[in-house]
Every structure is written in structure tokens, then in C-alpha cells.
Amino acid sequence: MKLQEKKFQKRLEDFICKRCKTHISGTGYIDHCPNCLWSKHVDINPGDRKAKCGGLMEPVGVEIKGGKSVIYYRCQKCGFKSRVKAAPNDNFEEILRLVSRPL
């Protein structure tokens, strides 16, 4: 019997943003740069590090759901799309800029 793989895997990793060069201290829940909101395509499911692409994930829009911001991404290399909840310390000006963009 094969065990089902967890959808989310916590990863405590520090990284430097490939877009704006900000140093980010990992908390296990950070998957994007809180400064520019860009990410890197390294996961299939959050935290699994199974994506081989490695392309930059562009934040393409934001949706407000239940008072919380959800950031939508598209990989510039392969076109993969994903979404994540915005973090409390994310750059609010960048989130506002994305809200005005259609999804």
C-alpha cells in the first residue's frame, strides 16, 4: 500500500531573491520574496522541491478572499501557474499594485 504524500512540506531555508537580491530568512512557510513578491519554480506541491524547472515565478495578480490576499503566479520559463497566501510582512505597495491587474 502506497502512502499518500503530504501536500505541504515545511522547509526552513534561507535564500536570496533571484529578482531583487533581497536576503530572506526562512521560517518554513516563506516561498516568495516579501520585498518584490517574486518566487522561483522549485515545487510541485508547496515545499516538496520536486519541480525541475527553476524558472522565475512572476506575481501576476492578487485576489482578496475573506479579507486575506492570495497572490497568483506564472512561471516565466514553463508557464506553470500557482497561488499562495500573502505573508504578513509582504510589501503592501506591491500587493496593491497587483490588485489593479486583472487575473
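**Close-up views of a predicted model**

**View 1. The largest pocket and the residues around its centre.** The largest pocket is lined by 28 residues, and those nearest its centre are Asp31, Ser39, Lys40, Val42 and Asp43. This is a predicted model, so please read each view here with that in mind. The volume of the largest pocket comes to about 560 Å³. Strand 1, strand 3, strand 4 and strand 6 each bring at least two residues to its lining. The largest share of that lining is three residues, and strand 6 supplies it.

View 2. Strand 3 and strand 4 (residues 56-65) run antiparallel and are joined by two bridges. Here Lys40 stands opposite Leu56 of strand 4. Which residues does Lys18 contact, leaving aside its neighbours within four places in sequence? Lys18 is in contact with Lys40 and Leu56, the two residues that stand opposite each other. Lys18 itself belongs to the loop between strand 1 (15-16) and strand 2 (23-24). Its C-alpha atom is separated by 8.3 Å from that of Trp38, and the two residues are 20 apart along the chain.

**View 3. The hairpin of strand 4 and strand 5.** Eight bridges hold the antiparallel pairing of strand 4 and strand 5. Two residues lie between the strands of this hairpin, and Gly66 takes a positive phi near 60°. Within the pairing, Val62 has Ile71 of strand 5 as its bridge partner.

**View 4. The hairpin of strand 5 and strand 6.** Strand 5 and strand 6 also run antiparallel, joined by five bridges. Five residues lie between the two strands of this hairpin, and in the turn Gly79 has a positive phi of about 85°. Val70 has Lys85 as its partner in strand 6. Strand 5 is largely enclosed by the rest of the structure, because six of its eight residues are buried.

**View 5. Helix 1 across the sheet.**

**View 6. The nonpolar cores.** Which residues make up the largest nonpolar core? The 10 residues are Leu37, Cys53, Met57, Val62, Ile71, Tyr73, Cys75, Val84, Ile95 and Leu98. Strand 4, strand 5 and helix 1 each supply at least two residues of this core. Strand 5 gives the largest share, with three residues. A second, separate core has five residues, including Ile24, Cys33, Cys36 and Trp38.

How values were computed: Residues numbered from 1 in each chain as written. Predicted model: local features only at pLDDT ≥ 70, side-chain atom pairs only at ≥ 80, totals over all residues. Heavy atoms only, no water. Pairing = 2+ DSSP bridges. Helix = DSSP H or I, 4+ residues; strand = E, 2+ residues; numbered from the N terminus. Buried < 20%, exposed > 50% of the residue type's maximum accessible area, 1.4 Å probe, protein only. Contact = heavy atoms within 4.5 Å. Core = buried A, V, L, I, M, F, W, Y, C linked by side-chain atoms within 4.5 Å. 1 Å grid on protein atoms, 1.4 Å probe; cavity = no way out; pocket = protein on both sides within 12 Å on 5 of 7 lines; lining within 4 Å. Points joined across faces, edges and corners; volume = space filled by probe spheres on them.
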